[in-house]
Amino acid sequence: MGKYLVTMGDFLKNAGIVGLNYMLDMSDAESGKDYGIKMQNRPVDGLELYEQGLWIDEDFVQQCDWTGMYFDACVNYYGDSTVYKGILDRINKIICKIDNDQWKPDKLVKEDKEDIKFINDKLLSNSYKAGFENIRNEVDGSEIYVNLQQNKLNAKSTSQELKQRLEGIKNFIMQPKCKETFVMKSVIYNYINRFWDGKCFLLRANAKKDMRILFEQDFTKPFKEYIRTNHDKDKDMCIDCGRPMGNKERVSIAFMKDMADDLARKKSAFWNCKVDAFLCPACAFVYAASPLGFTLLGQRFAFMNTNSSINQLLACNSRSGKIVTEAEKKEAERYTQWFARMLKQLMDCKVEQLNNIQVILKGTDEKDKYTFSVISNEALQTFNDEKVRKALEYLGEYPYTRIGADYLNIYENVVMNILKHRSQELLLKKVLKNNLDSDNAGQIVTAYWIYVVMLYSALVKKDKDLQGNGGKVIEMGSITVMDSGFALRTAILSSKGAKDDECIKGTIYQLLNALSKRNTGKFLDIVMRLYCTCKVPAEVGQADKLVIPREFVYIQKNQELFEEYGYAFVLGLKGCRQNKKNEEVI
């Protein structure tokens with residue numbers, strides 16, 4: 001067998017890859033033989049040159065105890081930060097006091113009483129009780145735990161009686177099976193539960209079942225069978241990696257929490273322009289490891305030292321802009337309007353004569369602090385661009401976008417990105433993915449104006465570098481590509497007899513993933529598949545545009561053009577176009 005490549009994706013996927021890599025590092029797997037890192041444009045036998053990610057030998061996949069690796073990695077990494085460690089520490093602390101004749105049952109201090117209470121409460125919590133029921137027939141000394149349930153530790157017991165019971169409890173919970181079970185109970189509810197639920201040991205109906213058996217059934221076994229099975233004749237496609245899969249192999253993406261779109265509960269297939277809400281078992285296994293990888297990413301970026309993964313991490317941890325009350329929202333809106341007026345007054349000056357203006361900035365959140373900043377001449381030129389000013393005028397009038405339960409101040413984020421010379425790409429991707437939810441369909445207007453700022457900010461820099469010769473071609477190319485995306489949208493909806501773009505949400509999701517990963521090959525592959533599946537010509541006046549944009553020829557070796565033309569095409573696919581007067585129409 002060959003090598004299976006786990007390709008990079010959004011931050012959750014990348015976190016899963018880091019978790020998977022940690023599992024492999026902790027195991028007996030041999031790096032370079034059983035698994036390894038594939039960097040872009042670096043050759044690895046059996047893999048395409050442009051691909052990047054974590055590869056695993058397919059024979060190793062079949063031989064490996066993935067369930068054991070998963071549990072061992074979680075216990076090893078999280079063990080010292082769980083309740084289990086706190087219980088052991090307090091048991092050892094009390095035993096040490098008894099041995100040193102410092103434990104006085106008749107003169108207990110508050111700390112001693114709290115230690116006994118902690119041990120009782122934690123060992124007899126519902127999660128620990130459920131865990132014990134799962135393993136009571138597989139471990140020695142079960143009667144010790146049963147006795148604890150019936151007769152809690154008493155701080156007023158004699159020192160020797162208390163020590164004897166504590167030593168028995170310590171020996172019992174330090175058995176490998178007990179340690180794994182009790183540590184995993186904490187890991188499940190403190191870490192894993194933040195990322196996924198409703199599956200495996202996080203399904204309520206499975207609370208009293210063996211966690212390893214559940215993980216084996218839901219993740220490990222399907223993963224191995226998927227790698228082992230030939231999928232040449234399968235028609236369903238994984239929404240994440242795009243690989244084919246059988247109907248019985250599909251894993252609903254609904255088990256993942258906080259996904260950027262609402263595709264989780266859609267049931268139609270992805271290709272042929274229908275939404276796909278399913279992962280292949282391999283991707284599902286990677287996502288199951290995302291909690292472990294997320295924690296690891298707080299200490300290192302492992303092998304994923306790429307802009308996309310780092311940027312996504314920063315975006316994931318950025319301030320949400322949550323608005324708690326209407327009063328706070330109105331106050332923030334007044335701030336936004338004031339800031340817009342300030343910028344307008346600044347732009348009314350002769351920008352050419354301004355250079356590196358020193359300012360003090362503060363965000364709209366009450367926790368934000370004042371920061372010293374410098375508005376460079378390039379930022380001033382960007383603010384003074386006619387199209388950027390028009391976009392900021394709109395965003396200043398409608399600054400807030402609802403993302404989940406929070407409100408995000410788009411205007412503030414766009415302005416701060418310009419001031420700090422950051423790309424608008426992450427913000428645009430967040431709004432576009434949020435727009436895939438039918439309840440947020442109106443946010444495409446906001447996404448369009450963010451793209452305008454992103455495009456013309458780049459053109460300001462290009463014109464400066466190329467002395468005015470670089471921007472116009474790219475500007476016209478972006479308009480053409482956007483119109484091509486709109487023409488394809490029109491044709492697809494016509495061929496499906498659809499009134500909205502529900503049937504192409506899965507397509508847009510995959511295109512956005514390809515853009516975020518800088519994967520030009522995957523992006524073009526999806527685009528070509530779309531054109532091949534569209535058999536009905538576009539409406540009158542659009543038929544001549546129902547061809548793959550020729551501008552895509554230039555994106556294969558130019559990442560900046562890939563970003564600008566790629567997002568233009570996605571916006572067109574979502575309904576943006578230019579009218580005959582070259583005015584923006586949504």
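This is a predicted model: local features need pLDDT of at least 70, side-chain atom pairs count only at pLDDT 80 or more; totals for chains, interfaces and linings use all residues.
1. Helix 4 covers residues 83-99 and helix 8 covers residues 159-173; their axes come within 10 Å and cross at roughly 150°.

2. To see where these two helices touch, pick out Tyr84, Ile87, Leu88 and Ile91 among the residues on the helix 4 side. Across from helix 4, helix 8 contributes residues including Leu162, Leu166, Ile169 and Ile173. Sorted by class, the contact between helix 4 and helix 8 holds eleven nonpolar, three polar and four charged residues.

3. Next, have a look at helix 6 (residues 126-135) and helix 9 (residues 176-190), which pack at an angle of about 140° with axes 10 Å apart. That angle makes helix 6 oblique to helix 9. The crossing here is right-handed.

4. On helix 6, the contact with helix 9 involves Ser127, Tyr128, Ala130, Gly131, Phe132, Asn134 and Ile135. Helix 9 answers with residues such as Cys178, Phe182 and Tyr189, among others. This contact divides into seven nonpolar, five polar and two charged residues.

5. Now turn to the largest nonpolar core, which has 158 residues. Helix 19 (residues 444-466) supplies the largest share of this core, 13 residues. Which residues have the most contacts inside the core? They are Trp66, Trp196, Phe201 and Phe523.

6. Trp196 is worth a visit of its own. Setting aside neighbours within four places in sequence, Trp196 is in contact with Tyr70, Phe201, Leu202, Phe219, Phe255, Met256, Lys257, Tyr287, Ala288 and Pro291.

Conventions:
Residues are numbered from 1 along each chain as its sequence is written. Side-chain values use heavy atoms; hydrogens and water are left out. Axes are lines fitted to C-alpha atoms, for helices over the stretch in contact, and angles run from 0 to 180 degrees between N-to-C directions. Helices (H or I, at least four residues) and strands (E, at least two) are DSSP runs, numbered from the N terminus. Angles under 35 degrees count as roughly parallel, over 145 as roughly antiparallel, 65 to 115 as roughly perpendicular and the rest as oblique. A crossing is left-handed if the near helix is turned anticlockwise from the far one by less than a right angle, and right-handed if clockwise. Contact means heavy atoms within 4.5 Å. Ala, Val, Leu, Ile, Met, Phe, Trp, Tyr, Cys and Pro count as nonpolar, Asp, Glu, Lys and Arg as charged, and the others, Gly among them, as polar. A nonpolar core is a set of buried Ala, Val, Leu, Ile, Met, Phe, Trp, Tyr and Cys residues joined through side-chain atoms within 4.5 Å. Buried means under 20% relative accessible area, exposed over 50%, partly exposed in between (1.4 Å probe, protein chains only).
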